[in-house]
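This briefing is meant to be read beside the sequence and the structure, and it moves from the fold of each chain to the contacts between them and then to single residues.

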Amino acid sequence: MKDNEKLIMQIKPASRPKFWYYPVSLFLFILYILPIYILLNMSFRNITDISSRLFLPKEWDFSNYIAVFLGSDLWLGFKNSAIVVVETVIIQIVLGALAAYGLARSSGRISETLRKVNMGIMMIPGLALLVGTYSLMVRMNLDNSLFGLSLLSAAGGLPGTIFLYTNFVVAIPDSLDEAAAIDGAGVIRTFFKIIMPQLKAITVTQIIFAATGSWNNYLMPMYLLQKKSKFTIIQIIKAAFNQSNGNANLPLACATCALGLLPIIVLYLLLQKYIIQGQLDSSSK
Amino acid sequence: MKKRKYTYLCLTIPAAILIIWFIFIPLLNAANLSFFRWNGYSQNKKWINIENFTKAFSDKMFWRCLVNTLIYGFGSCALQNLCGLFAALFLNKKFMGRNAVRVVLYMPIMISAFIMGQIMYYFFQFDGGVFNEVLNLFGVSDVYWMKNGWTAVILITFVNSWQYMGLCMIIYLAGLQNIPAMYREAARLDGANKFYEFIHITLPLLIPAITTAVVTNLIGGFKMFDVIVSMTGGGPSKQSMSLSYYISTLYFTDERAGYASAIGVILFALIIVITLPVNAWLRKKEVEY
């Protein structure tokens, strides 16, 4: 085998980058950065400036950003979203990993059935449950409650989390558990002290996915959180655009939107290496 | 260790409680409500047997939304897989700036579909929209992008595919990296050209990745909701609504909760009836190596 590879290496030298790679890269880059550019471009304007959205404004106007920054809406949205994200992530990751550990280590008909049921749940469209969920949440007084929303979105994300974790736990050898058991560790202790540290990489990925999923959630907050004091950041941005119907104050809405997107984009750019690697790892399982 | 089997199963209980509470009970609740006429809040519900389901078949709006949902599902699945595959093949090559392109292609996935639709709305606006402005630069006059339902549906499909293409790309990149280099080198030694190598070596070995990408995108497309709300609001004249969107307007605007749950049951059935066979068919095609 090794000789073969050596032979191939001799015959075929590593291919050099070709010229057309660069124009294609540039095209893709522009295609994907354009919406952000347009959004920023529209936000640095005065209300009366209805000139081209494609070219930079003649007069830069930063007052929208100052207004959004000094206003209370953006901060309210950040605060509520942050609460929901933290609660959702903790519930979803801890319960999901624990259940996945249980499923991966117990073989037999019950665990097989549970895994299949879990796969089936992943196919249920959220909207199909809308009537059932909403009337249930109202009856339990969980509407207009951030914790209620967190429970709901953690439940929605759990099947996917369990599915991914199960694939990763299976790859951890049983002998680790056995060694821990001989040393007298219980199941829960084994899970937190032995298994979880082995799952660091997938846990980071899962935290990021769960957090962005719940940060970006629009459907359930829109229906469940009717009071403005409970609005998430997505609802705040939506409200900003709605007030600007008929271009009343579009630049201000764009500034709200740009600032609202800022945390997630900064986090993405800082963590992109882990996010993309995590996505690569979880899709090859 | 056998004694621990049931202890292990007990670990699933907390997650199971949450899933039963927030998914199973609502599902049963919705399935039950689909047999009633109910406005969503009053005390009196009237049992009407399967009338909600039979009504759907003669409801023009339902058929329109069903066709739209199928276009959203299959259209964005096809577009994302094709573009994602080409993007992955392209980014699998080594060149400077490759990582930057990958980072930018994946970025829209981090942004809420609702917000993305809102931004894209300003691209397709008739008056001063970005795309019309680009056309004007080339001397072409303004195009009315949202002229009818079909153009709106196609544009929404494109925007959704553009936004989530990066996911397919990553799935295929992972698949490509799992293919041992020696297979392709062997084909090359045998004198295969690039096209032959791709069709007969790369593609068959990519089928596990294709299965994942196709199934997730089909389900995602059938569920589409957020981006439609912000891009077209279901318009023009409700012609770009998906079944999901129809359910929400039926429930919250028309106050027909029973009928809305019936459509929800139909949507769930649709997803299962389409994705399970597709999944099974693709799995059969997987080759061992």
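Helices (H or I, at least four residues) and strands (E, at least two) are taken here as DSSP runs, numbered from the N terminus. On that basis chain A holds 13 helices and 0 strands, while chain B holds 13 helices and 2 strands. The model is a predicted one, in which local features need pLDDT of at least 70 and side-chain atom pairs count only at pLDDT 80 or more, whereas totals for chains, interfaces and linings use all residues. Residues are numbered from 1 along each chain as its sequence is written, and chains are lettered from A and ligands numbered from 1 in the order in which they are written.

**Confidence**

- The model as a whole scores an ipTM of 0.83 and a pTM of 0.87.
- For chain B the mean pLDDT (the predictor's confidence in each residue, from 0 to 100) is 86, and 98% of the residues score at least 70.
- Within chain B, helix α4 (residues 60–91) has the highest confidence, at a mean of 93, and helix α9 (residues 181–189) has the lowest, at 79.
- Where pLDDT is low, the predicted coordinates should not be read in detail.

**Overall shape and burial**

- Chain A has a radius of gyration of 25 Å, whereas a compact globule of 285 residues would have one near 19 Å; the radius is taken over C-alpha atoms, and the globule rule is 2.2 Å times the number of residues to the power 0.38.
- Along the principal axes, the C-alpha atoms of chain A fill a box of roughly 75 × 70 × 35 Å, and the C-alpha trace of chain B spans about 75 × 75 × 30 Å.
- A residue is called buried if 20 or more other C-beta atoms lie within 10 Å of its own, exposed if 12 or fewer, and partly exposed in between, with C-beta atoms placed from the backbone; by this rule 41% of the 285 residues in chain A are buried, as are 43% of the 289 residues of chain B.

**Contacts and the interface**

- Two residues are in contact if their C-beta atoms, placed from the backbone, lie within 7 Å, and among contacts in chain A between residues at least 6 apart in sequence, 75% join residues at least 24 apart.
- In chain B, residues 24 or more positions apart account for 71% of the contacts with a separation of 6 or more.
- Between the chains, 72 residues of chain A are in contact with 77 residues of chain B.

**Nonpolar core**

- A nonpolar core is a set of buried Ala, Val, Leu, Ile, Met, Phe, Trp, Tyr and Cys residues joined through C-beta atoms within 7 Å; the largest has 152 residues, and Y172(B) and I263(B) have the most contacts inside it.
- Helix α8 (residues 149–178) of chain B gives this core its largest share, 15 residues.
- Beyond its neighbours within four places in sequence, Y172(B) has contacts that include G84(B), L85(B), A88(B) and L206(B).

**Individual residues**

- P277(B) lies in helix α13 (residues 257–285) of chain B and counts as exposed because it has 10 C-beta neighbours inside 10 Å.
- N144(A), in the loop between α6 (130–139) and α7 (146–170) of chain A, has a positive phi of about 60° although it is not a glycine, and with 15 C-beta neighbours inside 10 Å it counts as partly exposed.
- K238(B), in the loop between α11 (226–231) and α12 (243–252) of chain B, has a positive phi near 60° and is likewise a residue other than glycine; its 16 C-beta neighbours inside 10 Å make K238(B) partly exposed.
- Most residues other than glycine have a negative phi.
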